[in-house]
Amino acid sequence: MNARLDAQFTFLREAEKLRRIERQNLILDGSRVENSAEHSWHLALYAMALAPFAEPEVDVDRVIQMLLLHDLVEIDVGDHPITNDVDWAAVEIAEAAAARRLFGLLPKDQGDALLSLWLEFEAAQTPDARFAKQLDHCQPIFQTLYCERVPDFHIDVVRQNLTVGRATALEHSFPKAFHHAKNLLGEANTESCPDLAARIAFLNEADALKRVLRASKLGDGSRHENSAEHSWHIMLHGWVLAEHAAHDIDPSRVLQMLLLHDIVEIDAGDTPIHGVQDAVALAAIEAKEAAAAERLFGLLPAPQSALFHALWTEFEAAQSTDAIFAKSIDRVQPLFLNLLNGGGSWVEYDVNLHQLEERVGQKVARGAPGVWDHVLAEVRPWFEQAGRV
């Protein structure tokens with residue numbers, strides 16, 4: 001057993017628990033509260049979409065990494081809405097302890113690097129961390145102001161946050177976002193920025209990915225995962241496992257692909273890998289996804305629309321080294337969810353080990369052969385015990 005991979009997967013399995021942490025904000029259709037994993041994915045998308053509004057010295061790829069990590073500590077300490085009466089000094093101490101525990105699950109060099117990035121975000125002193133914090137303040141505000149069925153209490157919280165809370169800093173650090181929010185409240189005389197409004201429209205449309213359910217269930221088997229939180233978890237996988245790629249890759253581009261890869265499911269829905277096998281049906285799904293990509297990425301201003309669409313197309317083609325690795329990692333995460341919840345989609349779709357190796361193993365091995373060897377050693381005993389070899 002590869003000890004380094006074992007530590008990395010231990011961390012990734014523990015990180016999966018962030019999906020069970022509920023926030024105060026609702027998703028945009030008002031049907032339920034948002035969880036911290038899908039919130040983290042949405043924030044990473046905010047960073048990529050709103051990159052043109054960052055200061056020139058900001059490295060948006062590092063900002064995306066910060067936002068993927070920033071709420072992991074909530075696995076241990078929970079979420080604390082700004083309206084709660086909280087001992088924030090005690091929370092800060094508890095979160096630091098949680099960060100040391102969680103990142104300590106990784107190999108030391110990797111754990112130290114991720115802990116350092118988390119601490120940088122918390123300190124909010126560097127340009128990257130400041131922009132990440134600005135986005136972390138913006139998303140809950142716009143999530144509330146655009147929500148279809150929002151309680152009046154939530155609007156009051158936003159108004160107070162912009163008037164006397166931490167979001168008042170946006171007036172100087174991100175004035176376009178501040179005035180856009182004030183306009184939505186009917187409290188500003190400044191016109192909204194059209195480029196910002198267009199990107200917010202895309203980000204609002206992307207919120208629907210939180211309602212797309214996948215075949216895989218959470219590790220505890222309590223519910224099916226959705227495609228937004230899946231995308232967040234896959235991005236963590238791609239980042240942590242990048243060193244195992246079969247060829248030289250650009251990890252930042254891999255993360256961008258994984259951030260965007262499932263957005264088309266808003267229109268096309270999820271296609272389980274062990275579900276549709278007919279070539280004609282698969283071609284029809286591909287056509288539907290291509291049309292979805294045109295519509296969804298077309299909401300963004302040029303040239304960003306073209307950039308996002310090109311990244312998605314490259315991922316789907318799986319010909320570049322970045323896309324090959326991204327595709328391979330996209331197949332890995334559901335395997336461990338199935339192991340954790342007693343078989344999951346393997347049972348539902350009556351999958352045997354040969355089918356798994358054919359549908360999943362070949363794709364994983366193409367981009368990360370060492371990862372597939374490790375995963376196969378983990379999953380084989382389940383198939384042998386279940387008589388599915």
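Which residues of helix 11 are buried? In this predicted model, local features need pLDDT of at least 70 and side-chain atom pairs count only at pLDDT 80 or more, while totals for chains, interfaces and linings use all residues. Residues are numbered from 1 along each chain as its sequence is written, and side-chain values use heavy atoms, with hydrogens and water left out.

Helix 11 covers residues 194–206 (helices are DSSP runs, H or I, of at least four residues, numbered from the N terminus). Its buried set is Leu196, Arg199, Ile200, Phe202, Leu203, Asn204 and Ala206, where buried means under 20% relative accessible area with a 1.4 Å probe, protein chains only. Among the elements covering these residues are helix 2 (36–49), helix 7 (127–145) and helix 16 (304–317), with contact taken as heavy atoms within 4.5 Å.

Helix 7 also holds glutamine 139, which counts as buried because its relative accessibility is 0%. Its side chain makes a polar contact with the side chain of glutamate 34 at 3.0 Å (a pair of N or O atoms within 3.5 Å, one able to donate a hydrogen and the other to accept it; residues adjacent in sequence count only if both atoms are side-chain atoms). Leaving aside residues up to four places away in sequence, glutamine 139 touches Arg23, Glu34, His39, His42, Leu43, Tyr46 and Lys210.

Further along, the axes of helix 20 (residues 353–367) and helix 21 (residues 369–385) come within 8 Å and cross at roughly 160°; axes are lines fitted to C-alpha atoms over the stretch in contact, with angles from 0 to 180 degrees between N-to-C directions. That makes the pair, helix 20 and helix 21, roughly antiparallel (over 145 degrees). Residues making the contact include Leu353 and Val360 of helix 20 and Trp372 and Phe383 of helix 21.

Definitions and conventions: Helix = DSSP H or I, 4+ residues; strand = E, 2+ residues; numbered from the N terminus. Expected span 1.5 Å × (residues − 1). Buried < 20%, exposed > 50% of the residue type's maximum accessible area, 1.4 Å probe, protein only. Parallel < 35°, antiparallel > 145°, perpendicular 65-115°, else oblique.
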